[in-house]
Amino acid sequence: MKKEKIKNLSNQFFQEIQTVQSEDQLFQLEKKYLGRKSEFIGFLKSLKNLAPEERKQFGRLANEIKKEITQKLEEKKKELIEKSFDFEKESLDVTMPGRKKGVGHLNPISIVRYKIEDIFSRMGYEVADGSEIETEFYNFDALNIPAHHPARDMQDTFWLQQKIKNQHPKVKREEERLAMRSQTSAGQVKYMEKHKPPFRIIVPGKCFRNEATDTTHEHTFYQFEALVVGENINVGHLKFTAQEFFSQFFKQKVKIRLRPSYFPFTEPGFEFDITCTVCHGKGCSACQGGGWLELGGAGMVNQNVFEASGYPRNKYQGFAWGFGIERLAMMKYGIDDVRLFHSGDLRFIKQF
Ligand SMILES: [Zn+2]
């Protein structure tokens, strides 16, 4: 009886497994025959109630059958996995070249800006933030740029249509015009109103000018302003600091040349040159044979600017400059058209 039953169960299993098509069906079948509550396992458990001789006999048979079933399940599992595996599709050709992942690029302006911030931070400078929209007072009056100065008229400055009610005690007008700042110096007085010397800061950021664009002019460009104020600051500090910065930036020893110039917010003011980074001063096409490269304006802070900030006259001295970040990037990477920076041309960006 028992022998028959166990044989029947086994036959039943071998028949059922023929129809199995999926791993899930196989799992159900395994549960049905070898699960804890299955008939077969229940049968095996009942053997312990038999007399020792009978138990021995059936035990061996039952274990053999269990082994067969287990083995068959394993085989079927392997078969199903192989069937589901598409070797054409899944096989790996290790000789194929890898697929490169696209990685974002920093605009060279950002690369240069971070480099500038890095060098000045190590020299103990604070990196300050200005605003891109300034009142007429901060962008012009406070910088000692007189009301009739051509820079104020529509040709050079982007004025906003919106005006605000004046809240600055030093301004006589009732309403203030708002401008897209035309230089980072616009942040100088704002900073000085809130901080007492001594301090040294750089202010990197976007500036805007309403002018025609060409290979060296853009309506939107980046400057970094440096401003150092204390009681004993002189032109020597300006020269040394600039020399130190540019030498680190261009990774070569550069010399500085100052030529007298005029900016309303400096006294004295200078045009600022460094030795050519290509020929080191010998003369080449990059410097048109002169050995020097023009970098921008610099100077000692005009006492009128200190006065506009609320500092007493002649108590402090300071130096300041505003250099173009694009200009530095163009020199560093040999870029010949400033308009490329904002062109959004990926072929340009991807080179950096
Ligand atoms: Zn040169």
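Trainee: Which residues in α6 meet which ones in α11?
Mentor: P108, I109, V112 and R113 in α6 meet I325, E326, L328, A329, K332 and Y333 in α11. "Meet" here is a contact, where the C-beta atoms of two residues, placed from the backbone, lie within 7 Å. By class, that contact has 7 nonpolar, no polar and 3 charged residues. Nonpolar covers Ala, Val, Leu, Ile, Met, Phe, Trp, Tyr, Cys and Pro; charged covers Asp, Glu, Lys and Arg; the others, Gly among them, count as polar.

Trainee: And what do those numbers rest on?
Mentor: This is a predicted model: local features need pLDDT of at least 70, side-chain atom pairs count only at pLDDT 80 or more, and totals for chains, interfaces and linings use all residues. Residues are numbered from 1 along each chain as its sequence is written.

Trainee: OK, at what angle do the axes of α6 and α11 cross?
Mentor: At roughly 100 degrees, and the axes of α6 and α11 (residues 325–333) come within 9 Å. That makes α6 roughly perpendicular to α11. The bands are: under 35 degrees is roughly parallel, over 145 roughly antiparallel, 65 to 115 roughly perpendicular, and the rest oblique. Axes are lines fitted to C-alpha atoms, for helices over the stretch in contact, and angles run from 0 to 180 degrees between N-to-C directions. Helices (H or I, at least four residues) and strands (E, at least two) are DSSP runs, numbered from the N terminus.

Trainee: Switching to the sheets. What is the strand order in the open sheet of 7 strands?
Mentor: The order is β1-β5-β6-β10-β9-β8-β7, with mixed pairing. Two strands pair if DSSP finds at least two bridges between them.

Trainee: Which strands stand at the edges?
Mentor: β1 (126–127) and β7 (256–261) do; each has a single partner strand, so one side of each is left without a neighbour in the sheet. Our helix α6 (residues 108–122) packs on this sheet too, touching β1, β5 (199–208) and β6 (220–230). The direction of α6 makes about 170 degrees with that of β5.

Trainee: Is β6 mostly covered or mostly open?
Mentor: Mostly covered: 8 of the 11 residues in β6 are buried. Buried needs 20 or more other C-beta atoms within 10 Å of the residue's own, exposed is 12 or fewer, and partly exposed is in between, with C-beta atoms placed from the backbone.

Trainee: What about β9 and β10?
Mentor: Strand β9 (residues 292–301) pairs with β10 (residues 317–324) over 5 bridges, antiparallel again. A298 stands opposite W321 there.

Trainee: How do β7 and β8 connect?
Mentor: A hairpin of 4 residues joins them. The two run antiparallel, with 6 bridges between β7 and β8 (residues 266–275). R259 has E271 in β8 as its bridge partner.

Trainee: What's the order in the open sheet of 3 strands?
Mentor: β2-β4-β3, with antiparallel pairing. β2 (133–135) and β3 (159–165) are the edge strands, each pairing on one side only. From one strand to the next, the twist averages 35 degrees.

Trainee: New topic. Which domains does the assignment give?
Mentor: Domain 1 (2–90) and domain 2 (108–349). Those bounds come from an automatic or database domain assignment. The domain centres, taken over C-alpha atoms, are 84 Å apart.

Trainee: How do α1 and α4 cross?
Mentor: At roughly 5 degrees, with the axes of α1 (residues 2–16) and α4 (residues 52–84) coming within 11 Å. They are therefore roughly parallel to each other. Among the residues in this contact are I6 and F13 in α1, and L61 and I65 in α4.
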